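Dear colleague,

Please find the structure below, with its sequence.

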Amino acid sequence: MAWLKQGHIFSPDGTLDWAQHSFMTPCPWLRDEQTIRIFGGMRDAHGISRIGWVDVAADDPTRVKASSTAPVLDLGAPGMFDDNGLILGDVIEIAPDELRLYYVGFQLVEKAKFLAFTGLAISRDRGDSFQRVSTTPVLDRCPEGPFIGALHSIARLPDGRFRAWISRGDGWEEIGGRLYPRYDCWTLTSPDGVTFDNAAAQRIITPSGDEYRIGRPRATRLEDGTWELRATSDTRAKQYAAFRFTSPDGVEFTRTDDVELPLGSPGSWDSDMTCYPAHIRAPDGAQYLFYNGNDMGRTGVGLAKWQAT
């Protein structure tokens, strides 16, 4: 068995002012039996991202059915934590009329490259529009994450609580005269998925070898009750790659040697980078990974399918 690439699916064509390029940190959700809606961050000419979507056929996700003509979630008000861009954290369906969208909001400040913390918005119309629950973050700064507190996956546990997997950033790495954020992966629980106690978080994955950051943890509970998690790392040599981890409980993770998404052929949309994979199981049982290629999503989103080899 292996993940077999199915090709590039979607990137903005540049006809919309708010979506000139990119489809960053894809997050798939089964909207109905026929449709997988993939939420992602699309950038304008200034590189500022807003949340939009692309619908693909559930029985053939390489077939695009529609894409959003306006953001489902736009920038926050001036001065707020999300006034300079949004990317996806996760989406989780609580009820047919309540879809939660966790997102990472970016803010520019004078003496650091940026700040990035987590907001929450709710849709009552099956993902066509969202309203923020608060103008302030639901996951804010803390001593271990003074610059970044980014929720990237969340699941409801059998006891009714929620467990989230997050990235925390505590500083900056200078490489080739540019500053890049340092971050690693943590987990924490919440009684309702809205309130989070930062002090109770546990660090679960740290950079290894030449890595200086690893993040966007996407956890999936398997049929046997164990967990797998995919995270993307970067090295000082600027080698971006995704890795798979396994866990009996969603807390203690072990890195595997799996190379799930090798680089594409020279000159292709994912020739230099495969990153930010997100898993979904379709109604027919097929399993897919949606992922980004070069430049962390600038070239759009592609697909891999789990198949026997």
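This is a predicted model: local features need pLDDT of at least 70, side-chain atom pairs count only at pLDDT 80 or more; totals for chains, interfaces and linings use all residues.

The structure holds twelve aromatic pairs, counting rings of Phe, Tyr and Trp (its six-membered ring) whose centres lie within 6.5 Å. One of them joins phenylalanine 106 and phenylalanine 114 edge-to-face, with 5.3 Å from centre to centre and 70° between the planes; planes under 30 degrees apart count as stacked, over 60 as edge-to-face and the rest as tilted.

Residues are numbered from 1 along each chain as its sequence is written, and side-chain values use heavy atoms, with hydrogens and water left out.

To return to the rings, Phe106, Phe114, Phe147 and Trp172 are linked into a cluster by ring pairs. Phenylalanine 114 has a relative accessible area of 13% and is therefore buried (under 20% relative accessible area is buried, over 50% exposed and in between partly exposed, with a 1.4 Å probe and protein chains only). Two charged side chains also sit over rings (NZ of Lys or CZ of Arg within 6 Å of the ring centre and within 35 degrees of the ring normal). Lysine 113 lies over the face of tyrosine 180, 5.2 Å from the ring centre, and the charged end of arginine 168 is over the ring of tryptophan 186, at 4.3 Å from its centre.

The next region is strand S4, residues 49-57 (strands are DSSP runs of E with at least two residues, numbered from the N terminus). Nine of its nine residues are buried. Ser49, Ile51, Trp53, Asp55 and Ala57 point one way from S4, and Arg50, Gly52, Val54 and Val56 point the other way. In a regular strand the side chains alternate between the two faces of the sheet.

S4 pairs in the antiparallel sense with strand S3 (residues 35-43) over nine bridges (pairing requires at least two DSSP bridges between two strands). Glycine 40 has glycine 52 of S4 as its bridge partner. The S3 and S4 hairpin has five residues between the strands, and glycine 47 in the turn has a positive phi of about 85°. S4 also pairs with strand S5 (residues 60-67), again in the antiparallel sense, over four bridges. Here aspartate 55 is bridged to alanine 66 in S5, and a hairpin through two residues joins S4 to S5.

Which residue's side chain makes a polar contact of 3.0 Å with that of arginine 218? This is aspartate 90, found in strand S6 (residues 86-95). A polar contact is a pair of N or O atoms within 3.5 Å; within protein, one must be able to donate a hydrogen and the other to accept it, and residues adjacent in sequence count only if both atoms are side-chain atoms. Aspartate 90 counts as buried because its relative accessibility is 5%. A polar atom of its side chain also lies 2.9 Å from the backbone nitrogen of isoleucine 154.

Finally, serine 129 lies in the loop between strand S8 (115-123) and strand S9 (131-132). Serine 129 is partly exposed, at 25% relative accessible area, and its side chain joins that of aspartate 125 in a polar contact of 2.6 Å. Serine 129 and leucine 73 are 56 residues apart in sequence, yet 7.1 Å apart in space, C-alpha to C-alpha.

With kind regards
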